[in-house]
Amino acid sequence: MEITITSPADFHVHLRQGALSQLVTPHVRKGGFKLAYVMPNLKPPVTSTEQALAYQAELKQIDANVEYLMTLYLSPELTPDEIRKAKKAGIVGVKSYPRGVTTNSDGGIESYEMYYPIFEAMQEVGMVLNLHGEIPSDADTNVHILNAEPKFLPHLLSIHKHFPQLRIVLEHATTRAAVEAVKSCGDSVACTITAHHLALTVDDWAGQAWNFCKPVAKYPDDRLALREVIAQGHPRFFLGSDSAPHPPHTKSTSTPSHGCAAGIYTQPILLPLVAHILDSFGQLDKLQGFVSTFGRKFYGFPADAEEKVLLRKTEGKVVEEVYTFEQESVVPFWSGRK
């Protein structure tokens with residue numbers, strides 16, 4: 001069995017820095033993609049147009065055959081003038097991280113209202129707001145990793161109400177509540193879904209660090225909701241892998257004072273993985289829309305009809321156990337699995 005996909009695009013990618021970036025950036029194409037929407041949560045975070053362009057140049061030096069769409073990190077230093085400058089320079093979006101909820105988010109936001117002038121400028125120039133849809137855990141208000149996403153959704157709806165023409169993407173949805181919230185919004189609000197959240201539930205990461213990510217995989221009914229919206233062919237739900245590489249020693253170990261790293265690495269196997277998972281629930285015919293057409297249309301980056309990827313169904317293919325470059329290494333999702 002064979003299937004051809006035109007212009008796959010990954011609208012949520014982590015390509016890191018230094019030697020780790022040298023290792024993982026070529027995996028964008030290895031995984032079947034030539035467009036990557038790059039996250040800005042570096043150390044320090046990418047908060048200016050100059051930083052974003054410098055980072056893009058570094059990525060192009062590693063692999064110039066990928067189109068890197070760059071983003072800024074929402075922070076108090078960002079101004080409406082910087083938004084206009086970024087737009088003119090080709091920067092596509094701004095990523096919002098609530099403080100402390102995921103990797104390198106210590107400088108994340110605590111209140112959205114203070115950023116309304118930024119959102120107004122973004123709406124005016126046509127930039128995209130990318131939202132990590134969780135709020136920080138708080139025992140006093142019963143907020144934890146299993147309900148942090150539903151608790152965030154009123155913020156999404158409020159921003160959309162105040163800025164109805166602002167394009168917003170709720171990133172890596174994991175719950176039925178998130179799916180329904182995005183569906184209730186207008187055409188300016190979309191949602192990314194990862195490959196691993198289509199495969200995992202809470203039982204898969206409880207006690208298994210390699211399946212632990214933020215946001216965590218939720219209940220079987222939540223996973224079903226993600227699969228159902230893909231089966232519906234909903235045009236505002238599309239792939240954003242959130243492929244997040246971490247050195248193995250940070251994933252495989254934790255201590256009484258420090259937990260394991262949050263992130264699942266799918267980049268080098270991404271397109272075959274998504275095809276395999278969609279095929280597993282009878283929706284392989286939705287692959288083209290989910291991994292290319294819908295996201296490209298929302299972001300305004302049309303597909304290249306000449307750029308095609310051929311997938312062939314095979315038996316016995318084993319996922320590589322580890323990828324290495326110099327002193328860096330990463331272990332992919334489903335490592336060693338057929």
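**Cysteines, cores and a helix pair**

Modeller: Keep in mind that this is a predicted model. Cys191 counts as buried, because its relative accessibility is 0%.

Colleague: How many disulfides does a search of the whole structure find?

Modeller: The search finds zero disulfides; for Cys191, the nearest cysteine sulfur belongs to Cys185 and is 10 Å away.

Colleague: Which residues touch the most other members of the largest nonpolar core?

Modeller: As a general idea, nonpolar side chains in soluble globular proteins tend to be buried together. Here the largest nonpolar core has 93 residues, and those touching the most other members are Leu15, Phe119, Met122, Leu156, Ile159, Val274 and Leu287. Helix H12 (residues 270-280) gives the most to this core, contributing seven residues. Apart from this core lies another, of 15 residues, which includes Phe11, Val92, Tyr97 and Phe298.

Colleague: Which residues does Val274 touch, not counting those up to four places away in sequence?

Modeller: With that exclusion, Val274 touches Ala195, Leu239, Leu287, Phe290 and Val291.

Colleague: How do the axes of helices H6 and H7 cross, and at what angle?

Modeller: In general, two packed helices are described by the angle and the distance between their axes. The axes of H6 (residues 148-162) and H7 (residues 176-184) come within 9 Å and cross at roughly 10°, so H6 is roughly parallel to H7. Glu149, Pro150, Leu153, Leu156 and Leu157 in H6 meet Ala177, Ala178, Ala181, Val182 and Ser184 in H7, a contact with eight nonpolar residues, one polar and one charged.

Conventions. Residues numbered from 1 in each chain as written. Predicted model: local features only at pLDDT ≥ 70, side-chain atom pairs only at ≥ 80, totals over all residues. Heavy atoms only, no water. Disulfide = S-S within 2.5 Å. Buried < 20%, exposed > 50% of the residue type's maximum accessible area, 1.4 Å probe, protein only. Core = buried A, V, L, I, M, F, W, Y, C linked by side-chain atoms within 4.5 Å. Helix = DSSP H or I, 4+ residues; strand = E, 2+ residues; numbered from the N terminus. Contact = heavy atoms within 4.5 Å. Axes fitted to C-alpha atoms, helices over the stretch in contact; angles between N-to-C directions. Parallel < 35°, antiparallel > 145°, perpendicular 65-115°, else oblique. Nonpolar A, V, L, I, M, F, W, Y, C, P; charged D, E, K, R; others polar.
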